[in-house]
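Subject: Structure for you to look at

Hello,

Here is the structure I promised you. Please open it first, then read my notes below.

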Amino acid sequence: MSTDSPADDLTRRIDAAIAEVYRTESGGYAEGRSAMRALGAFGAPAVDRVLELYRSSSAGPHEHARLLNGLGASAVDAQAAARRAVARACPHRYVDHLAGRLEPSDIEDVADIHDPRISALLISLLIHPNPTVRCRAATALIGRIGGHGNDDRQTRALAERAVLDRLDDESLPVRAVAAYAVARRSRADGISAYQQILRPTEPETLHILDVHQRIAALRRGETLPPPV
């Protein structure tokens, strides 16, 4: 007979569900999705526990440490899968935990969850000093403008304006995301926007090649894939 208190028993079961997400991270797609749904089914307590373990300086339960050590470099992906599972299952609780501050490492975890506060938090990262963070935030906002996260029309419009404001960003990849936002609305304006973001002093990179390929695709009347 178990001597665990109800709270301890719940934590033990949530920990077991987290371990199952870790265990199936490198397994099949269906198996991994099933484990994530099972973890998310615990609701708010699972959000609290996953984020407590993620932010803790300790290694957490022994089983978690063993599984993560065995995953090696994939351990980061396994922990992200657990965070995504609870964020999607209980988004408002997850966003409450963010306390008005979105860390760059959280962008992909929350990019498509249903809470309008996410767009505001992503917009706040568009002025981050790291251009890679700005680019990731802008890309996530493009997804939300397109319907990911189920934001209302006003929130999507605010997100779109914020991305368009980055057409003059010092980083070409960020400007390219903004140009894509233009191209979503108008092929002709998109061609012009992509042309304008190329600067004569820009070093030759794969990003420049991508911009030229997108301009060519627009001229052929093709639909552009979203930035990645």
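In helix α3, the buried residues are Ala 46, Val 47, Arg 49, Val 50, Leu 51 and Leu 53. Buried means under 20% relative accessible area, exposed over 50%, and partly exposed in between (1.4 Å probe, protein chains only). Helix α3 covers residues 44-55, which is 12 residues. Its end C-alpha atoms are 17 Å apart, which agrees with the 16 Å it should span at 1.5 Å a residue. The expected span is 1.5 Å times one less than the number of residues.

A word on the source. This is a predicted model, where local features need pLDDT of at least 70 and side-chain atom pairs count only at pLDDT 80 or more, while totals for chains, interfaces and linings use all residues. Residues are numbered from 1 along each chain as its sequence is written, and side-chain values use heavy atoms, leaving out hydrogens and water.

Now helix α5, residues 75-89. It has 15 residues and reaches 22 Å from first C-alpha to last, close to the expected 21 Å. Its buried residues include Ala 75, Ala 78, Arg 83 and Val 86.

Next, the whole chain. It has 13 helices and zero strands. Helices (H or I, at least four residues) and strands (E, at least two) are DSSP runs, numbered from the N terminus. Of the 228 residues, 43% are buried. The C-alpha atoms fill a box of roughly 70 × 35 × 30 Å along the principal axes. Residues 24 or more positions apart account for 59% of the contacts (heavy atoms within 4.5 Å) with a separation of 6 or more.

Best wishes
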